[in-house]
Each structure stands twice: as C-alpha cells, then as structure tokens.
Amino acid sequence: MIGFIIRRLFQAVLVMLIVALIAFALFNFVGDPINNMVGQDTSLADRERLRQELGLNDSFIVRFARFVGHAAQGEFGLSYQQARPVGQIILEKMPATLELSFAAAILALSLGVPMGIYTGLRRNSWGAQLLLGISLIGVSLPTFLIGILLILIFAVWLGWLPSFGRGAVVHFGWWSSGLFTVEGWRAIILPSVTLALFQMTLIMRLVRAEMIEVLRTDYIKFARARGLTNRAVNFGHALKNTLVPVITITGLQLGSIIAFAIITETVFQWPGMGLMFIQAVTFADIPVMAAYLVLVGFFFVVINLVVDLLYYVVDPRLRIERERAAGV
Amino acid sequence: MSELLTASTTATAAAPAGSAPGRLRGVLGSDLLWSFRHSPVAIVAAIVALTVILSAALAPWIAPHDPFDLASLSLLDASNPPAWIEGGSWSYPLGTDNQGRDVLSAILYGARLSLVVGVSAVVFAVLLGVTLGLIAGWRGGIVETIIMRIADVQLSFPAILIALLIDGVARSLLPREVQAEITLYVLIGAIALSAWVQYARTVRGSTLVERNKEYIQAARVIGVHPVKIVIGHLLPNVLGPVLVIATINLALAVLTEATLSFLGVGLPPTQPSLGTLIRVGNDYLLSGDWWISIFPGSVLALLILSVNLLGDWLRDALNPKLR
Amino acid sequence: MSAKDALLQVEHLRIEVPTRRGVLTAVDDVSFTIAPGEVLGVVGESGAGKSLTGAAIIGLLEPPLRIAGGRVLLDGRRIDDLPYEAMRRIRGKEIGAIFQDPLTSLNPLYTVGQQLIETIRTHLGPGAARERALALLREVGISGAEQRIGHYPHQFSGGMRQRVVIALALAANPRLIIADEPTTALDVSIQAQIIALLKRLCREHGTAIMLITHDMGVIAETADRVAVMYAGRIVEIGPARTIIAEPHHPYTVGLMQSIPRIGGRRDRLRQIDGAMPRLNAIPTGCPFHPRCPEAFDRCPRERPDLIPASGSDAACWLWDERKPRSRTGRSASFETHPAGAPQDEVRF
C-alpha cells in the first residue's frame with residue numbers, strides 16, 4: 001500500500017515537472033523578457049547588464065531550477081500587462097473561480113448522478129428517453145452558447161438575473177466571497193448552471209452506461225436468481241458496483257470544470273482566473289500564462305492522484321492483491 | 001444466450017472467415033444500411049447535417065450577399081432585424097449586423113470555415129493518432145511505452161485546455177504580421193493535436209489484439225513486409241471504431257473551434273467562423289439585436305447535434321455486442 | 001410417476017426471440033417433468049436451448065427473449081405467468097439456480113458472508129442469519145468458516161468459489177435447483193468434488209436438480225433421468241442408465257459413440273457430420289435429418305413427437321409402431337471422419 005502511494009506520488013511530481021518545463025519554456029523562448037521590461041531607448045550595454053543581473057545568462061538547468069523554486073513559492077514575476085506581481089493577481093482571482101467551480105460541481109453531481117441512475121434502471125421509459133434526448137443537446141451545445149441563451153432569456157428578456165459580474169462581494173483576508181449577499185447568489189446562478197450543464201449531462205450518460213453494463217453481469221443475474229428484492233439488487237448491488245468506476249471518472253471530469261470555467265467566465269465577465277488567462281493570451285502576457293499553466297497543472301495532478309488513491313480505497317480487489325504482493 | 005443471437009445474425013453476413021476487408025465490406029453492406037433505414041433519428045440527423053454541410057460548401061454560389069465585400073455594405077441597412085419582424089426586409093432574410101453585413105450570408109461562409117477547420121482537424125488527428133497507435137501496438141517495447149505515456153499525460157488534461165495552450169503558444173511565437181494569415185492552420189493544428197490521443201489508444205488496443213491472431217502470424221511467416229501487414233491487414237480491422245470516434249470527434253472539433261473563436265483566440269472577424277460571429281454578435285445581445293448571435297448559434301448547435309446523433313447511431317450500429 | 005406427484009412440470013414450452021430479421025424460435029415444444037428429489041440431466045451442444053429452458057423456468061429470460069407458449073407448473077401451480085414480485089418470492093426459496101462461472105457469479109465488492117446473510121435474511125427473516133451462514137459454509141466443505149466468512153470472492157480459489165455459490169443457492173432450502181453448467185469452468189480435478197458435493201447436499205436436503213451440461217460424464221455420475229436436446233427440442237428422454245447403455249435416437253447414438261473410450265479398439269474418433277443448425281435455418285420435419293445416417297423419406301416431411309421406444313422416449317420415426325423399420329447395425333451407422341468437418345464433441 002505504501003509502495004503504491006509512493007509510486008503515484010513520484011509519477012505526480014514527474015508530471016508537475018513536465019508542466020513546469022513547458023511553462024518555463026514559454027517564459028524563456030517566447031519573446032525576450034528584457035524587451036518587455038525596458039523601453040526602446042535602453043542601450044545594449046544596459047540591457048546586457050540587466051540580463052546579467054537577472055541571471056538570464058546562466059545555464060538552462062540553473063534557470064529552470066530557479067524557476068521551479070520560485071514557482072513553488074508562488075513567485076512568477078511581474079505581469080507584462082499590469083506590471084503587478086502575478087502571484088497577487090492570481091490570489092485575487094482565485095476565489096471567484098473556486099466558488100464558481102464548486103457550485104457547478106455540486107450542481108452537476110447532485111443532478112447528474114440521480115438522473116443517470118434513473119435512466120439506467122428505467123431504460124425504455126418515456127422519462128428516460130426524454131432525459132437522454134435533452135442530455136444529447138446538453139453535450140452538443142457549446143458552453144458559451146448555453147451561457148448566451150441563458151443571458152438572453154433570464155437577463156435580457158425576463159430581467160430576473162444579472163448578466164455579468166459577481167454581484168456584491170465580501171472580503172475575508174485575501175479571500176473574497178460572493179456567497180454572503182443576495183446579489184452574489186443571484187449573480188452565481190446563471191454562470192454555475194452554464195458551467196454545470198455539460199458536466200451534468202456527461203455524468204448522467206456515464207452513470208447510465210455503467211449501470212446498464214453492471215445490470216448485465218452474472219452476479220446481478222445470480223442475485224435475482226436468489227430472489228433478492230428489486231431494491232437490494234438495484235441499489236445494494238448494481239448501484240454500488242456502478243459507483244466505483246464512476247467515482248473515479250467523475251473526479252477527473254470535475255477537474256475539467258476548472259478548464260471550462262475559462263469559457264463561462266468570459267461569457268459572464270466573471271472576474272476569475274479563466275478570464276485572466278484569456279486576457280493574458282490575447283495580450284501575450286507570458287508570466288500570467290505560465291503561472292496559470294502551472295497552477296492548473298497542479299490542480300489536475302492533485303485531482304488525478306486523489307482519484308487514483310480513492311479507487312484503491314474503494315475497490316477491495318486492488319487492496320488485497322497489493323497486500324498479498326507485499327507479503328502482508 | 002447471446003451465442004444464439006450472434007449465431008443467427010452473423011450467418012447472413014457472409015464473408016470468408018479471417019478475410020479482413022471482406023468482413024468489413026460485408027458488415028457495411030448489409031447490417032449498417034438496414035440499421036440506418038430503420039432508425040428515424042439517424043435519418044433526420046443525416047439530412048440536417050448534410051443540409052448544413054452542403055449549404056456551407058456551396059456558400060460562394062448560394063449566399064445572397066458577399067459579406068466580405070466592404071464596398072457592397074451599406075450602413076443604412078445596418079442592424080436590420082430578421083425579415084418577419086417589423087423593420088426587416090426579405091433581401092436580408094435573417095437580418096444584418098451593425099455594419100450592414102447580411103447574417104444569412106455570413107452564416108453560410110462561417111459554417112464553411114467552421115467545417116473546414118473541423119474536418120481538417122479530424123483528418124489530421126486521425127492520421128496522427130492511427131499511425132502512432134499502429135506503431136505503438138505493432139512494435140511494442142520502449143516505443144509503445146513512450147507513446148502511451150505521453151498519451152496518458154495528455155489525457156489527464158481536458159482537450160480544450162490543450163488546444164488553447166497550443167494556440168496561445170503559437171500566437172506568441174509567431175510575428176504579428178504572419179499571425180492573421182496562418183491563424184487557420186494554427187487552429188487546425190491545435191485542435192488536431194488535442195484530439196489524436198483517443199485514436200492512438202483505440203488503435204493500439206485493437207492492434208495488440210489482432211497482432212496475435214493467426215492470419216497475422218501467417219503473413220509474418222510467409223515473409224510479407226511488416227508495413228504491408230499493418231496497412232493491408234491490421235488497418236481495416238481497426239477502422240470501425242476509428243470511424244465512430246471520428247464522427248463524434250468532428251462534432252467536438254467544430255465545438256472546440258467555435259469555442260476558441262468565441263474566446264477571441266480563433267478565427268478573426270475578417271475571416272469569421274460561426275464562433276467568431278457569435279462572439280461579435282454577443283456584444284449586441286444586451287441592446288436587443290439578438291439575431292446577430294442567435295442565428296449563427298442555432299446553426300452551430302444543429303450541426304453539432306446532428307453529427308453527434310449520427311455518431312451515436314454509428315456506434316450502436318457497429319457494436320458487435322448489440323447485434 | 002404421475003403428473004400429480006411431479007414437483008416441476010414443463011408443458012410444450014416455446015421460447016421466441018424477435019430479431020431484426022423476424023421471429024426466431026429458440027426452444028420449441030419442450031415438455032418434461034421433474035419429481036421431488038430427482039436429478040434430471042439436460043444434455044446437448046451449445047445453443048441447443050438448454051440454458052434458455054432453465055432461465056425460463058426460473059423466470060429470468062432476458063428481453064427480447066420471451067415465453068411464447070406452453071406452461072411451467074410448480075406443484076401444479078402455474079408460475080410462468082406470475083407477476084415479477086410473486087416470482088421473486090419463489091426464486092431462491094422454491095427454485096434456486098447456479099451458473100457456470102463462479103468468479104462472475106459473486107459480487108466482488110461484498111464479502112461472502114454479506115452475500116450469504118443477505119440471501120438468508122431475504123427469505124428466512126433476520127434471526128440467526130450469521131449462524132446459518134457459517135453452517136452453510138461448513139456444509140459445503142469450506143474449512144475455517146469463521147474466518148472465511150469475511151473474505152471477498154477473489155480470495156477464494158475456483159472450486160471454493162463454486163462451493164460458496166452452491167451455499168448461496170441452498171441458503172433458503174429450495175426444492176429445485178437449476179444448475180447451468182456448474183462444473184464447466186472448473187479444473188477437471190475439482191469438477192468431481194463439486195459434483196459429489198452437489199449430489200450429497202441434494203440427497204440430504206431432498207432437493208431436485210435440473211442439471212444442464214454438455215458433459216456426459218457428469219450426467220452418467222449424477223443423473224437419474226436424462227433429456228437430450230437438439231435445436232431447441234427434446235429428442236430423447238428417459239432413465240440415465242437406459243440412454244447411456246442403449247441410446248435410441250440417432251443423435252444420442254452419435255453422442256455416445258463420439259466419446260473416446262479407454263481400452264477400446266484404437267480407431268479414428270467418431271464424429272457426427274455437420275453442425276447443429278442455426279436458428280434461422282432449422283430444417284423442416286425432423287431437425288436432425290440432414291445429419292442422420294438413418295434418415296428416410298418421412299424424416300424431412302413430418303416432425304416427430306416423442307415416441308416410446310423400449311425404455312426411453314425418442315423423437316424419431318424409426319420407432320413409430322405404425323410403420324416399423326428395422327434398425328441397421330449400429331457400428332456402421334456413422335462414418336469416421338478426418339478432422340475438418342465441424343464436429344460435436346461430448347466429453348466423458
């Protein structure tokens with residue numbers, strides 16, 4: 001068991017380093033950092049001196065190590081566009097994205113899983129076919145289109161909800177939360193529904209497909225042959241076996257909420273990290289792009305790691321085999 | 001129990017056992033067409049998709065106006081609503097945007113661009129993914145390990161993020177003057193690179209399975225060149241699942257392109273795809289000129305939806321377990 | 001044995017499956033009875049319809065398969081048309097089932113004990129479930145039951161798992177067990193043990209068994225009566241001893257002859273030419289006639305019902321008293337064939 005954890009951690013660190021490498025490459029080979037910092041009149045000699053001071057003439061390994069060291073402390077230099085420390089910008093924007101992502105994740109899970117179970121159990125009912133049809137639309141409509149439609153209907157035509165921004169925000173230290181005001185709640189509804197829709201339909205289809213597979217197995221057949229109640233068969237056996245792989249895949253899916261937040265934040269002008277990233281791409285603000293990359297990479301690596309460990313905990317087959325292999 | 005069903009239905013797909021292309025042709029000929037004719041959803045989806053695709057392909061000939069001809073634009077006709085609403089006219093059936101461009105024509109040309117990017121991206125993704133998958137499955141060893149590790153790492157990140165990243169990096173790397181012209185190719189490349197992994201994985205899996213079968217071993221013993229074996233024998237057997245993935249992938253590619261364009265890092269307004277049109281139109285949503293973004297949006301949604309439905313049908317029709 | 005004493009009666013059972021190309025009949029006009037405590041062996045090749053018959057009896061036919069005709073009676077009461085909940089109460093309590101693969105028959109996420117206790121509680125109420133579970137495990141020969149009750153299925157070997165499966169099937173003391181190929185997935189050395197276990201338990205509990213298999217050796221050891229199935233029909237049925245020693249239907253004859261014997265003359269292995277027909281290509285008249293060395297003009301025209309034939313019943317016109325026809329010498333009945341033509345092999 002310990003061996004498994006160590007191996008996975010090692011893998012995670014490796015992937016993080018690769019991500020850091022890409023971010024670092026971005027930093028160094030795209031444009032000249034010196035040019036972005038000084039004016040046109042600076043002499044070549046001065047530029048050279050600046051280069052030396054900033055350690056830009058050191059070897060690749062040294063610079064990379066320095067980059068990684070700084071990154072681990074949240075030090076990413078100054079934004080080209082805003083001339084502020086990137087770390088500061090990220091701290092400002094992160095709460096908005098995290099709140100939005102969590103709201104969307106909870107929505108997607110609490111609706112997606114039950115709908116998936118229902119459509120898996122009652123495969124040919126009208127309700128199931130309807131939900132499946134709607135889910136197909138949910139998967140086909142681009143997230144931004146859904147956002148635009150929702151804005152059109154609820155903000156422009158009905159005027160019930162705001163069409164952009166976060167509403168009134170309350171600060172706790174460096175964290176800012178929109179969840180403590182009514183406007184904050186009203187503002188978060190449309191963006192979180194937009195963000196959740198795609199994930200919700202994906203989760204629903206996943207749970208359904210897995211449920212159908214499980215219901216076809218021999219142990220379900222044998223459970224029925226033993227005369228177990230429908231409830232015991234469907235929820236005690238089928239559901240449990242369905243959720244095990246679903247938990248892991250869902251975890252990975254939820255990670256992609258963070259990526260899709262980019263789109264949603266753009267549509268709703270939600271002041272989060274996604275919007276920050278897009279603005280950085282448009283302005284070729286390399287430090288911000290690199291920082292976002294490392295941060296998001298970190299999130300994904302952590303999510304993948306947690307999901308793998310979760311799978312290990314939940315499935316007794318994996319646990320016992322490894323214990324046996326380890327001689328326990 | 002399932003053996004009874006397969007026994008009765010495979011009897012009719014007559015093809016000599018072990019002949020790979022014959023098997024493919026037999027399947028395509030009989031069951032697939034039958035399944036298509038009996039699936040109303042597939043038929044409707046195919047009609048819708050073909051309509052959009054054909055209209056887009058024929059855009060230069062059937063568009064009522066040329067939205068790129070700046071001389072023909074007239075600001076007097078700007079911001080016209082669609083024809084059936086007061087203030088609109090039938091010479092601009094779906095209305096005009098803030099500069100007087102006809103929305104219908106813009107949609108036709110935009111759909112064309114969206115499809116060009118989508119189809120090209122899928123084609124490249126297939127080429128790259130299938131090739132790498134065949135190599136990985138056939139050679140095994142360290143080659144396979146490297147390819148599959150890269151695939152695994154890439155797979156743990158969402159495709160759109162990867163496409164965004166590649167797009168952003170390319171833009172930063174290329175000098176400004178060149179950017180506008182080659183945005184199209186950069187976009188195709190970015191989407192293709194974000195999508196190759198699924199093909200590689202599936203093809204590698206199938207290759208591993210087929211590689212150990214007797215007809216492949218026989219070919220090797222006879223001395224047929226490995227490349228010939230791979231292309232002539234392995235490839236036809238893995239094409240089925242690849243086709244299904246490609247269809248669903250087309251929908252995703254169009255969606256990704258639209259998203260990138262909407263975010264502003266895709267096709268520019270001078271060469272607008274459907275996504276760009278939606279983006280431009282978004283600015284006018286709040287002032288009430290909804291048609292500028294909703295119509296392109298509807299066409300986009302219809303296209304993606306119909307291709308998705310076709311992909312779903314294709315997957316069920318080609319699934320040996322359900323036959 | 002009269003029909004009144006029978007535990008299970010199957011009358012003219014017909015199972016159909018609608019496919020894309022029309023409705024196919026998988027089981028056609030199958031009738032038999034099982035007495036209390038009796039072991040009925042149902043033997044035949046893959047695809048003959050044996051498993052489907054068993055599934056239909058216990059009410060677990062998977063759609064689109066459906067019972068299209070006939071009746072199934074338990075103690076004289078019809079059970080094939082019962083609503084789901086009523087049938088569920090019969091399953092496990094009156095009729096139990098065991099399937100082929102013990103690995104996939106058990107839920108990998110629950111311990112053996114949990115699955116046993118759940119079954120016991122469902123039918124016998126919550127009292128003393130764990131004690132009963134332990135007793136069952138010991139009865140099926142699992143040593144160290146106290147510990148093993150908390151183990152997961154994958155921690156058992158194949159033979160042990162099948163014992164657990166048997167324990168689960170017997171948990172509520174059903175009067176009939178449908179055993180569908182219970183030993184096929186096991187090592188040969190374990191097969192004998194499992195068969196012996198099954199025999200002993202059923203004798204002790206008075207449970208009848210419908211033993212579905214393609215292995216004549218298992219039949220010979222265990223069955224009281226045998227039904228031979230071909231292309232969805234019963235072609236011969238009678239006491240096991242009679243059928244093995246003196247088979248009457250040409251198909252059964254072929255099956256017996258194709259069993260290699262130790263110590264006999266060393267010849268090529270005898271086979272029956274051809275293969276069992278596909279469901280959409282069942283021959284007219286007697287379905288076996290294209291492969292039958294003794295087929296004559298009546299065989300393709302009319303389909304025979306089961307006809308009494310000195311000891312067993314055979315669905316063959318050769319035994320029709322109205323038109324008697326002498327049997328030709330049996331040893332020359334079937335050609336020996338070199339390998340090539342698909343054959344059915346029945347292991348001994």
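In this predicted model, A:Ser163 touches A:Ile151, A:Ala155 and B:Leu286, leaving aside residues up to four places away in sequence. A:Ser163 sits in the loop that joins helix H7 (143-157) to strand S1 (170-172) of chain A. A:Ser163 counts as buried because 20 other C-beta atoms lie within 10 Å, and the cut-off for a buried residue is 20 or more. A:Phe268 is 105 residues away from A:Ser163 in sequence, yet the two C-alpha atoms are 6.3 Å apart in space.

The next topic is the nonpolar core. The largest such core has 272 residues. The members that touch the most other members are A:Met289, A:Tyr292, B:Ile191, C:Ala167, C:Met210 and C:Ile234. Helix H5 of chain B, residues 103-139, gives the most to this core, with 19 residues. One of the core residues named above, B:Ile191, touches B:Val117, B:Ala121, B:Ala163, B:Ala253, B:Thr256 and B:Glu257, again without residues up to four places away in sequence.

H5(B) also packs against another helix of chain B. Its partner is helix H12 (residues 291-318), and the two axes come within 10 Å and cross at roughly 35°. The crossing of H5(B) and H12(B) is right-handed. On the H5(B) side, the contact is made by B:Val103, B:Ile107, B:Gly110 and B:Ala111. H12(B) contributes B:Trp291, B:Ile292, B:Phe295, B:Pro296, B:Val299 and B:Leu303. Sorted by class, the residues of this contact are nine nonpolar, one polar and no charged.

Definitions and conventions
Residues are numbered from 1 along each chain as its sequence is written. Chains are lettered from A and ligands numbered from 1 in the order in which they are written. This is a predicted model: local features need pLDDT of at least 70, side-chain atom pairs count only at pLDDT 80 or more; totals for chains, interfaces and linings use all residues. Helices (H or I, at least four residues) and strands (E, at least two) are DSSP runs, numbered from the N terminus. A residue is buried if 20 or more other C-beta atoms lie within 10 Å of its own, exposed if 12 or fewer, and partly exposed in between; C-beta atoms are placed from the backbone. Two residues are in contact if their C-beta atoms, placed from the backbone, lie within 7 Å. A nonpolar core is a set of buried Ala, Val, Leu, Ile, Met, Phe, Trp, Tyr and Cys residues joined through C-beta atoms within 7 Å. Axes are lines fitted to C-alpha atoms, for helices over the stretch in contact, and angles run from 0 to 180 degrees between N-to-C directions. A crossing is left-handed if the near helix is turned anticlockwise from the far one by less than a right angle, and right-handed if clockwise. Ala, Val, Leu, Ile, Met, Phe, Trp, Tyr, Cys and Pro count as nonpolar, Asp, Glu, Lys and Arg as charged, and the others, Gly among them, as polar.
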